[in-house]
Every structure is written in structure tokens, then in C-alpha cells.
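Dear colleague,

My notes on it follow.

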Amino acid sequence: MLRDDTDKYLPLTESTCYIMLTLVEPLHGYAVMKKVEEISKGTVKVGPGTLYGAFTLLEKEGMIVKVKEENRRKSYVLTPKGKKALVNQIKRLEIMTQNGLSVMDML
Amino acid sequence: MAENTIRKIKWFWPWRDEQEEAWLRSMSQKGWHLSSVGLPCIYRFRAGEQMDYVYRLDYQTFPKKDKQEYQQLFRDAGWEYIGEISACQYFRKEVKEAEPLEIFTDVGSKIAKYKRILAFLWFFWIVLIVVFPVRGISMDNPYPWWGAIQVFNLLIWLFFTYAIIRLSLRIRQLRKL
């Protein structure tokens, strides 16, 4: 398992993980909400209170950065630190998924 | 004041926010819609058609510029901004099928909201201790009102202590979910 300075943020919550996944490209808040719902096939919906809190926290921790602001809408994108945290999270989830699939026929 | 508005002074404990939201919804169902909020805890309601509005409360402090961005995000998600009372932000939305009715969609962010309120309560609690320490309540002092002030300080301090304990318990309860 990779150990680095992003370990303390793991595991990310499901919402945070999805929010970060959408920010591989610059997006503003509402676009993030729509995209999360779409790529999660409707399993995850992020409310504006949750999203605002996540943006504030992720920006403070240097995982995302503001790239644009127009019509009172800020767009954010992942930073290298954010990408690293997300990669580590994905690896964790992959291990869990493999574990799950290996016992699937016993469930 | 016009006949079609009423003013209510209403106060609620921060861990009873969901009950407050439910009460505001029931007012709208009766045709009284929250039109503005103001300090110290004044609600203005305007009469209208009976509507099913849900109300949601957030707790946020920020500079003015961030506030516009914050309100825009909620507006984009279909929420109407009503106003704020000391950092408590009021939003509402009409209940429709397939419309998400929550502003917090996970337990973590709900807890984070209570923690922001808790930080504010702790701040006041500490200020009270530093600025107005309760120096023992006795009646043999130079001024007759001294004892009264001390009792008053003690009561306010107890009030904050109680709020901190109850809010911490609410957070713990949510963590178990």
C-alpha cells in the first residue's frame, strides 16, 4: 500500500470521492451536482449544503483550486495533491471491490 | 403593518433545527410563508395560497463575496434564499416529485454544520469566562447590584454550557448512524 502525505484524508466519503472524480476538468458547483448524479447512475446525489462544505474543505486542504469565476459561480479543478489522494482512494476501493467480487457467489 | 403579514418572535435550540424546519413547512401549508428573518429572532410571514414549501437551515459565515457564490449555488439547485439570522441561513423550495429536498446529503456534512455552531458556542463560552468570570456569589460586597450581575453571568454561562452539551450529544447521536 502506498504511504504518503495524503493518507490522513482517507477514506474519503462517497460524496467527496465523487465530487473529486468530476473535478478532473474545471466545473462549477451546479455542474458538479449534475455530473455526480449522472456518473453515479443516480446512486449519489449531492445537496448544495454538502457540496459547499466539501468545496470549502477541499480548497483549504489544497486538493482543489479555483480556476475561474463568472456570474458568481466559481469553477474548481483538482490539484496534484488532490489527484494523489484520489488515486490512493481508488486503489483502496479496488481492493475492496475485488474482495467483494471474490465472495459474491457465497452471498 | 399590513393585514396580510404577521410577525413572530421565535427562538429555537440549534439541535432542534429539524423541528424548526418542519414548523416553517406547516406554516406554509396553512398559507403563511416566511418572507424575511431578522435579529434577534424575528420571523415575518406573508399570507398567500396554501403551499407545500420545505425549509432548510444551514449555518455558515463568510465574506460578502463568498456569500454571493454560496447563494448562487443554492439558487442553481432550486433553493430560494430567504435570509439569515446570525449566520443561520434560511432556504426554501417547493415540494415537487423528483426534486431533492435535502441540502445535506450525507451524515458527515450534517455533523460539520453542527460543529460550526459548536465552535461558535465554545467561542462565547470562553469569552464569558475570560471577560465576566463568576467570582463567587456573596452579598457582602460594596455594591448592592454586584450579586445580581454575578447571578446573571452565571445563568448565561449555564445557558451556553447546556447548549454545548446538548449539541455535542446530537453530534454523537448522528455519528452512530
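A residue is called buried here if 20 or more other C-beta atoms lie within 10 Å of its own, exposed if 12 or fewer do, and partly exposed in between, with C-beta atoms placed from the backbone. Helices (H or I, at least four residues) and strands (E, at least two) are DSSP runs, numbered from the N terminus.

This is a predicted model, in which local features need pLDDT of at least 70 and side-chain atom pairs count only at pLDDT 80 or more, while totals for chains, interfaces and linings use all residues. Residues are numbered from 1 along each chain as its sequence is written, and chains are lettered from A and ligands numbered from 1 in the order in which they are written.

Chain B as a whole

Chain B holds four helices and six strands, and from the N terminus its elements follow the order β-α-β-β-β-α-β-β-α-α. Its C-alpha trace spans about 65 × 45 × 35 Å along the principal axes. The radius of gyration, taken over C-alpha atoms, is 20 Å for chain B, whereas a compact globule of 177 residues would have one near 16 Å (the globule rule is 2.2 Å times the number of residues to the power 0.38). Of the 177 residues in chain B, 18% are buried.

The sheet of three strands

In chain B, three strands form an open, antiparallel sheet in the order E1-E3-E2; two strands pair if DSSP finds at least two bridges between them. Strand E1 (5-9) and strand E2 (32-38) of chain B are the edge strands, each pairing on one side only.

E1(B) is joined to E3(B) by five bridges in the antiparallel sense, and Arg7(B) has Arg44(B) in E3(B) as its bridge partner. Because zero of the five residues of E1(B) are buried, this strand lies largely in the open.

Where the two chains meet

In the interface, 17 residues of chain A are in contact with 19 residues of chain B, contact meaning that the C-beta atoms of two residues, placed from the backbone, lie within 7 Å. On the side of chain A that touches chain B, two or more residues each come from helix H2 (29-39), helix H3 (48-60) and strand E3 (73-78) of chain A. H3(A) gives the largest share, six residues.

Yours sincerely
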